[in-house]
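Hi,

Here is the structure I promised to pass on. Have a look at it first, and then read on for what turned up.

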Amino acid sequence: MDAMESTRKRGGSAAWRRTSVLANHLSAQTHEDATLSLERIPCLAYNPPETASVKGLIDVVAMRQLMDGHDVDLRDEVYNLMANEKLFQLKKVGGQVYVGPDYNEPFQLQRYHTMQRIYFLRDKGLFKGELTDDSFERAFRKLAIHDCLAIFDHSLGIKLGVHFQLWGGAVKYLGTQRHHDRWLQDTEDYVVKGCFAMTELGHGSNVRGIETVATYDPSTKEFIICTPCESAQKYWIGGAAEHATHVVVFSQLHINGKNEGVHAFIAQIRDEQGRNCSGVRIVDCGHKIGLNGVDNGRIWFDNVRVPQENLLNSVSDVTPEGHYVSSISDPDHRFGAFLAPLTAGRVTISVSGIYQSKLGLATAIRYALTRRAFSLSPNEPEVLLLDYPSHQRRLLPLLAKTYVMSCAANDLKKIYVKRTPSDSKIIHVLSSSYKAMFTWHNIRTLQECREACGGQGLKTDNKIGQLKAEFDVQLTFEGDNNVLMQQVSKALIAEYLTSKKKGKPLKGLGLEHINGPPPVLSSDAGFSLRDKNFQIALFHLRERDLLQRLAQRVTQLTSKGSSTTDALVLSHQLAEDLGWAFTERAILEIFLSVEKEAAGPNKDILALLRSLFVLVLLDEEPVFLRYEYLSPQQSRAIQEEISKLCSEIRPYSLALVDSFGFPSSFLGPIASDWIEANSWKNV
């Protein structure tokens with residue numbers, strides 16, 4: 001009882017104190033000398049990012065040319081075309097129009113709007129010459145147009161990529177004149193809507209293992225395409241669920257009881273009224289975490305007959321009598337030729353990943369130059385987010401990586417557009433490694449940018465959060481990233497072992513540096529971590545050592561009876577490390593050549609970005625310490641140098657993202673006046 005009474009008294013005492021405080025406040029005006037002074041705290045005001053940035057030290061026009069690489073004026077025309085057309089406009093806030101798809105629409109409506117935008121762009125002539133003009137100029141123009149359309153909406157970019165690059169590319173590069181005459185112009189005009197059926201429920205990356213079968217019937221001069229089991233159904237086929245009329249279907253070719261391997265055939269899957277053709281069953285894949293403007297579908301073929309001339313025959317053919325002929329006798333080389341259309345896809349995906357990283361960084365950095373949080377001392381203004389070293393450390397290394405990768409992506413486009421048959425190996429290796437690295441980088445960048453924007457990063461209007469879902473698929477389609485990196489290492493080890501076996505120096509893939517003596521890293525007291533010679537030497541040393549380690553490991557395993565394939569599988573960690581070493585060395589060399597050609601202040605800022613790129617990789621990747629390419633003391637010094645570089649780059653951050661060339665209408669509202677965008681009058 002005493003304890004309860006004590007508790008009651010304490011509670012009562014506390015209540016009495018609170019009441020007294022309130023009474024004193026309320027009665028203050030009754031005291032003869034008391035005054036009540038209430039000062040209105042000023043509301044936060046939006047200050048443009050320009051007020052917190054250094055002006056005029058970077059030539060933004062020249063830097064943008066460096067970032068885009070080609071057709072800058074055309075890109076601005078495409079941006080303006082979309083920004084001024086209601087079909088592409090998302091909302092208007094005050095005087096600012098924002099463009100983009102409405103991700104809150106049902107996926108059926110997203111698909112409808114994607115097709116309406118395609119018809120609009122077709123009618124404006126953007127696709128003229130897409131498949132029928134083989135000039136270098138047109139090739140670069142269509143890449144620039146694709147960049148811009150994918151920036152507006154990934155679904156739009158993918159829908160067009162499936163139609164033109166996969167379906168159209170297969171017809172053009174796997175077919176011959178008879179296919180070109182019949183299909184290319186109609187594809188360009190969207191009279192025919194094509195899709196590309198390679199992936200199956202049971203086989204994705206392992207294309208050799210697909211189970212769809214095409215059997216030749218010489219009595220009717222037709223191929224009979226069949227889905228023999230449920231795992232053979234074609235899966236995730238873009239355009240199949242609603243819009244596609246025709247498909248390039250990859251199947252095992254059976255001739256006279258012999259399997260001649262994977263070949264490609266043209267089949268019609270819908271008639272002019274949009275009804276499924278006889279023997280074709282199609283099911284919608286349904287709602288996805290992203291890309292809901294693309295109608296992915298599943299296809300079954302129930303003994304569908306196609307004429308003999310529908311075999312895409314640039315590599316192999318079947319005579320009317322049923323005899324198999326091929327210009328390529330080696331089955332492995334023949335199979336590689338059938339995968340050629342995927343190369344264009346990997347090139348555009350690599351580039352697209354970098355442009356989405358730019359989009360995220362442009363938004364997050366502009367926001368960080370206008371948003372404040374916490375004061376360091378009383379009565380002082382709150383601090384800009386990008387003035388915190390921790391915030392710089394989050395975003396600026398990703399900015400540096402994006403700059404370096406952007407230059408490499410532009411170089412890959414040049415190699416691809418101007419390719420010759422002798423370039424097939426380097427294009428395959430670079431497109432595989434870049435696709436993996438750049439898309440992984442994109443998802444990491446978007447995630448960091450989303451977090452760096454706090455709660456505003458979650459709004460679909462501000463794009464960054466939604467872009468993660470939209471572009472996550474890039475890690476998987478056109479080759480799983482982990483599998484692609486294994487292919488890179490496989491190509492490197494094959495080159496190395498062949499050169500050793502023949503006693504000849506390495507040539508190609510940038511591996512010539514391995515022919516000479518190993519680099520010696522400086523240990524002088526005055527040595528600088530920013531020295532480009534030290535940086536490239538360290539990257540050479542890593543690639544050389546990992547390649548030799550992997551070769552030794554594979555040789556040991558094969559000497560004990562393992563196949564080369566099994567040996568590489570068992571050495572997956574070394575193979576993965578080598579894939580990264582090759583890719584990072586390749587893009588560093590490209591950036592060094594770009595930096596060498598630059599002039600004035602741009603050259604200096606490129607040097608800072610290059611050093612930040614290199615040092616962050618040295619800090620992030622364990623192989624540099626694991627194999628003692630760096631000492632623990634150097635590792636500690638690298639962390640300190642990274643902080644200094646971030647601080648030095650900070651004043652140029654706005655100019656660097658402005659050099660990406662995005663109109664404000666393509667960014668989220670938080671990249672502009674986010675207070676105005678969220679004001680009551682704009683609800």
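A quick definition before the details: a salt bridge here is a side-chain nitrogen of Lys or Arg within 4 Å of a carboxyl oxygen of Asp or Glu. Please also keep in mind that this is a predicted model.

With that rule, the side chains of Lys91 and Asp461 form a salt bridge, at 2.7 Å from N to O. Lys91 sits in strand E1 (residues 89-93), while Asp461 is in the loop between helix H11 (424-452) and helix H12 (464-471), so this pair ties together parts that are 370 residues apart in sequence. Lys91 counts as partly exposed, at 30% relative accessibility.

Asp658 and Arg366 meet through their side chains in a salt bridge of 3.2 Å, N to O. This one links distant parts of the chain: Asp658 belongs to helix H20 (residues 653-658) and Arg366 to helix H9 (residues 341-368), 292 residues apart. Are the two partners buried or exposed? Asp658 is partly exposed at 31% relative accessibility, whereas Arg366 is buried, with a relative accessible area of 13%.

Then there is Arg394 with Glu448, a side-chain salt bridge at 2.8 Å, N to O. Arg394 is in helix H10 (residues 389-417) and Glu448 in helix H11, so the pair ties together parts that are 54 residues apart in sequence. Arg394 is partly exposed at 28% relative accessibility, and Glu448 is partly exposed too, at 21%.

Nine residues of domain 1 touch twelve residues of domain 2. About 700 Å² is buried between the two, with carbon and sulfur atoms giving 55% of that area. On the domain 1 side, the residues touching domain 2 are seven nonpolar, two polar and no charged. One residue pair is in polar contact across this interface.

As for the whole protein, there are 21 helices and 15 strands, and 53% of the 683 residues count as buried. The C-alpha atoms fill a box of roughly 115 × 70 × 70 Å along the principal axes.

Cheers

Notes
Residues are numbered from 1 along each chain as its sequence is written. This is a predicted model: local features need pLDDT of at least 70, side-chain atom pairs count only at pLDDT 80 or more; totals for chains, interfaces and linings use all residues. Side-chain values use heavy atoms; hydrogens and water are left out. Contact means heavy atoms within 4.5 Å. Buried area is the accessible area (1.4 Å probe) that two parts lose on being put together, summed over both. A polar contact is a pair of N or O atoms within 3.5 Å; within protein, one must be able to donate a hydrogen and the other to accept it, and residues adjacent in sequence count only if both atoms are side-chain atoms. Ala, Val, Leu, Ile, Met, Phe, Trp, Tyr, Cys and Pro count as nonpolar, Asp, Glu, Lys and Arg as charged, and the others, Gly among them, as polar. Helices (H or I, at least four residues) and strands (E, at least two) are DSSP runs, numbered from the N terminus. Buried means under 20% relative accessible area, exposed over 50%, partly exposed in between (1.4 Å probe, protein chains only).
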